[in-house]
Amino acid sequence: MRDVLTLLLNGENRQFETPARGPLSVLGLLTELGLDMRKVAVERNEEIVPRSRYAETWLASGDQLEIVHFIGGG
Amino acid sequence: MDQAMTDQDIHAPDGHAENGDAEDVWTVAGRTFRSRLIVGTGRYKDLEETGAAIAASGAEIVTVAVRRVNLSDPKAPMLQDYVDPKKYTYLPNTAGCFTANDAVRTLRLAREAGGWNLVKLEVLGPPPLLYPDMRGTFEAAEVLIKDGFEVMVYCADDPLAAKRLEEMGCVAIMPLGAPIGSGLGVQNPAMISMMMEHITVPFLVDAGVGTASDAAIAMELGCTAVLLNSAIAHAKHPVIMARAMKHAIEAGRLAYLAGRMPRTMGADPSSPLTGLIR
């Protein structure tokens, strides 16, 4: 049985299965969410996750993630 | 008022061309722009209208907000599809941030999403005024500048605060003309003029403009540029108002460069008083 991760994602508790081959990375999460990686930015526990490190940034239960993009604003 | 305007004729904060022609450009943080209108991208009916109004405004810099992605609709159209970041300089803002920490986090995310350092900082006090919270603004500006950001800063019309922000290293000083989204126009022209005297980086009126004449007044006072959003987005016909703003900014700038005639308390006829028939 795979482990289940609970992440606080944009203010909501969401559960994700750990992939068969190892822990879930930010890259894995964004892929699962279907997001265009060139247009978003990710903060994990109030620290920026640089795009270059998505593949090697592993997530753990209880992590707080903010995934943002640009929208219209004044 | 007249005195303040006379002084500004000597003190042009960003230098200007002799004829007010195409060479009349301005520079912020090493980037040079022709348009002196910066527009927001918020509060439009839809993204198509946003794109059309911004094109009509002639703006080269647009402000954008940073918000959570709607995870239930990851393929929803995005601003970048309608306002091309290759064509316009995106200026991420911290609208909606009421603490220095939120503003800093927001702009760090913006830098990661877009890869640039030029940002607009605003730390706001509570509704209904959303007046600039200067304590939070100072705190955030200090952290951001240390972190390599180039900070254009929204601020109160407070000459001491503005000078201090410039000394800290902010790359543009942007006081309000009236509360955000109020459309009340430039309510503080004398203070705007007096503040400008002591600022050498670009100086913009940000917030308060309601219609074209307000933008022209800000430019006539000698502002480097004007930043506005609602005046276009909340007009009945945003695209037409965007054109009006483009012309108003240009007219106001030219009037400033031309140097207005002195005000006199009485008539001074334009036609000669000699050679009249008797």
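## Strand 3 of chain B and its neighbours

Strand 3 (residues 37–40) of chain B runs parallel to strand 10 (residues 225–228) of chain B, and three bridges join the two. Within this pairing, Ile38(B) has Leu227(B) of strand 10 as its bridge partner. The model is a predicted one, and the values below are computed from it.

Strand 3 of chain B is also joined to strand 4 of chain B, again in the parallel sense and by three bridges, with Thr63(B) in strand 4 as the bridge partner of Gly40(B). In a regular strand, side chains alternate between the two faces of the sheet. In strand 3 of chain B, Leu37(B) and Val39(B) point one way, whereas Ile38(B) and Gly40(B) point the other way, and all of them are buried.

## The interface between the chains

The contact between the two chains involves 33 residues of chain B and 27 residues of chain A. The size of an interface is often given as the accessible area lost when the parts come together. Here the area buried between chain B and chain A is about 2,700 Å², with carbon and sulfur atoms giving 59% of it. On the chain B side, the residues that lose the most area to chain A are Arg68(B), Leu71(B) and Glu112(B), which together account for 26% of what that side buries.

Polar interactions across the interface of chain B and chain A comprise 15 residue pairs in polar contact, with both residues at pLDDT 80 or more. Strand 4 (61–68), strand 5 (89–92) and helix 3 (100–114) of chain B each supply at least two residues of the side that touches chain A, and the largest share, eight residues, comes from helix 3 of chain B. Sorted by class, that side of chain B has 15 nonpolar, nine polar and nine charged residues.

## Strand pairing and charge across the interface

Strand 4 of chain B also pairs with strand 5 (residues 64–72) of chain A, in the antiparallel sense and over five bridges. In this pairing Val68(A) stands opposite Arg68(B). The side chain of Arg68(B) meets that of Glu66(A) in a salt bridge, at 2.7 Å from N to O. Across the interface of chain B and chain A, four salt bridges are found.

## Salt bridges over all chains

Over all chains the count comes to 20 salt bridges. One network of salt bridges links Asp36(A), Arg38(A), Lys39(A) and Asp81(B). Within chain A, the closest N and O atoms of Arg38(A) and Asp36(A) are 3.0 Å apart in their salt bridge, and Arg38(A) counts as exposed because its relative accessibility is 63%.

In chain B, Lys45(B) forms a salt bridge with Glu49(B), in which the closest N and O atoms are 3.8 Å apart. Lys45(B) is exposed, at 67% relative accessibility, whereas Glu49(B) is buried, with a relative accessible area of 15%. Arg111(B) and Asp147(B) form another salt bridge, with the closest N and O atoms 3.1 Å apart. That pair links distant parts of the chain, 36 residues apart, since Arg111(B) is in helix 3 of chain B and Asp147(B) is in the loop between helix 4 (134–146) and strand 7 (150–155) of chain B. Arg111(B) is partly exposed, with a relative accessible area of 22%, and Asp147(B) is likewise partly exposed, with 26%.

Definitions and conventions: Residues numbered from 1 in each chain as written. Chains lettered and ligands numbered in written order. Predicted model: local features only at pLDDT ≥ 70, side-chain atom pairs only at ≥ 80, totals over all residues. Heavy atoms only, no water. Contact = heavy atoms within 4.5 Å. Buried area = accessible area lost by both parts, 1.4 Å probe. Polar contact = N/O pair within 3.5 Å; in protein donor to acceptor, adjacent residues only side chain to side chain. Helix = DSSP H or I, 4+ residues; strand = E, 2+ residues; numbered from the N terminus. Nonpolar A, V, L, I, M, F, W, Y, C, P; charged D, E, K, R; others polar. Pairing = 2+ DSSP bridges. Buried < 20%, exposed > 50% of the residue type's maximum accessible area, 1.4 Å probe, protein only.
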